[in-house]
Amino acid sequence: MNLSKSSQIKVGLSDRSYSIEIGRGLESSILEYKLDLLNRGEKVVAITDQGLRSSNPSFLDKFFQSTDHLILPSGEKTKSSDHLIQIWDFLATQRVDRSSAVFAVGGGVTGDIVGFAAATFLRGVSLYQVPTTLLSMVDSSVGGKTGINLKAGKNLVGSFHQPAKVFIDMDVLSTLPKREFSAGMAEVIKYGMIGNPALFQSITDRVAPYDAAIPELQELIQTCCSEKAKVVEDDERETACGRGGRALLNLGHTFAHAIESVAGYGDYLHGEAVSIGLVCAFRLSRALGLCMQDKEEKLLSALASYDLPVQLKNPLPALSLTKSMQLDKKVFQGKLRFVLMESIGQAFVQEGVHLTQVEEVWKSVGAS
Ligand SMILES: NC(=O)c1ccc[n+]([C@@H]2O[C@H](COP(=O)([O-])OP(=O)(O)OC[C@H]3O[C@@H](n4cnc5c(N)ncnc54)[C@H](O)[C@@H]3O)[C@@H](O)[C@H]2O)c1
């Protein structure tokens, strides 16, 4: 365990405000927190996934030994109605009540489905997020979006349920497979493209790519969490009209969700689909006369330095991908909306893009 100073970021949402603690060796901090909850008479339960439990059995071992817990199967297919019912049944069996605390320990899949179960069980119980993948640390554990997938599309059922606190212990990343770490880097690069050109440049300028052990990782995670906190504080429920707001965080995601849904959940990691989605969003912006060509090379080489895909593995039909986009939550009053960029770091929401342009972009990444 590598002990170092932890930092705190606040997400200011009046009575739903919370802090994100980021550091290494946070186990004792999490245990102390749990003890406080127990001393206040709260019941504590935890839910995690099999992949984390078997690859990193020592992470939060003491926490799990002394806490009623449920272990879910790993992977995107777990974000389903069947597993949601399994979690509700577990919470009921454990006699979780409205004063109880539910800890979601795992990646974005665990955080999303456990978050949705916590949002809906007894119409809402307290949720604590302990993200264990890079993607969940920089993105999904913060901001309160929870949900499950349907066959018809990603995240089509869900709700907003802010956590009461987020604990980010970077030590747990030591067992995260490289491919999963890279998937998280796609979301990091996304933050740079939305509104932080300096972050984008610092990633493209790096000689050695980020990894789980690098000291600068803490600053990188802090930057992403602060970016997300700012956006969520301004537009918690993604209701801002016009060209900005929380919708900007979906850069590349309308494309990514279509890839995940058409290819079949789990074929691409979410971050891998986002990587191709970022290329698509960039090319659509270019097709509308925005963004500079030289930045495309920078984007492609930044993604390539993490072995992230920039082309489809197999040629999925452009027609199916475009159809799937029409089920996306970003459809508003029947029109497809895209997050595009004036330039790297200046994203905006655009309505009324011609579908023929979208199909061209799909073909540019290998769709048939
Ligand atoms: N709610 C949001 O705002 C939001 C934002 C972005 C993404 N998401 C969602 O997040 C999900 C993707 O999350 P993810 O990429 O974390 O995937 P994931 O939760 O499936 O985790 C990836 C894999 O890593 C394993 N794992 C987790 N931590 C580990 C560790 N420390 N060591 C070894 N193995 C570990 C898991 O068992 C799993 O097999 C998608 O469903 C996506 O839609 C949600």
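Q: How do strand 1 and strand 2 run, and how many bridges join them?
A: Strand 1 and strand 2 (residues 18-23) run antiparallel, and five bridges join them. Strands here are DSSP runs of E with at least two residues, helices are runs of H or I with at least four, and both are numbered from the N terminus. The model is predicted, so local features need pLDDT of at least 70 and side-chain atom pairs pLDDT 80 or more, while totals for chains, interfaces and linings use all residues. Residues are numbered from 1 along each chain as its sequence is written, and side-chain values use heavy atoms, leaving out hydrogens and water.

Q: Which residue of strand 2 stands opposite Ser7?
A: Ile22 does.

Q: Nice. What is the strand order in the sheet?
A: The order is 1-2-9-6-5-3-4, in an open sheet of seven strands with mixed pairing; two strands pair if DSSP finds at least two bridges between them.

Q: Which strands stand at the edges?
A: Strand 1 (7-11) and strand 4 (68-72): each has a single partner strand, so one side of each is left without a neighbour in the sheet.

Q: And which strands does helix 9 touch?
A: Helix 9 (residues 217-234) packs on the sheet and touches strand 1, strand 2 and strand 9, where contact means heavy atoms within 4.5 Å. The direction of helix 9 makes about 15° with that of strand 1. Axes are lines fitted to C-alpha atoms, for helices over the stretch in contact, and angles run from 0 to 180 degrees between N-to-C directions.

Q: Changing topic: how many aromatic pairs are there?
A: The count comes to seven. Rings of Phe, Tyr and Trp (its six-membered ring) pair if their centres lie within 6.5 Å; planes under 30 degrees apart are stacked, over 60 edge-to-face, and the rest tilted. Phe63 and Phe64 have ring centres 6.0 Å apart and planes at 80°, so this pair is edge-to-face.

Q: Is Phe63 buried or exposed?
A: Buried, at 0% relative accessibility. The term buried means under 20% relative accessible area, exposed over 50%, and partly exposed in between (1.4 Å probe, protein chains only). Phe64 is buried too, with 2%.

Q: What about Phe255 and Phe338, what kind of pair do they form?
A: A tilted one, 5.4 Å centre to centre with 35° between the planes. Phe255 lies in helix 10 (residues 253-263) and Phe338 in strand 10 (residues 337-343), so the pair ties together parts that are 83 residues apart in sequence.
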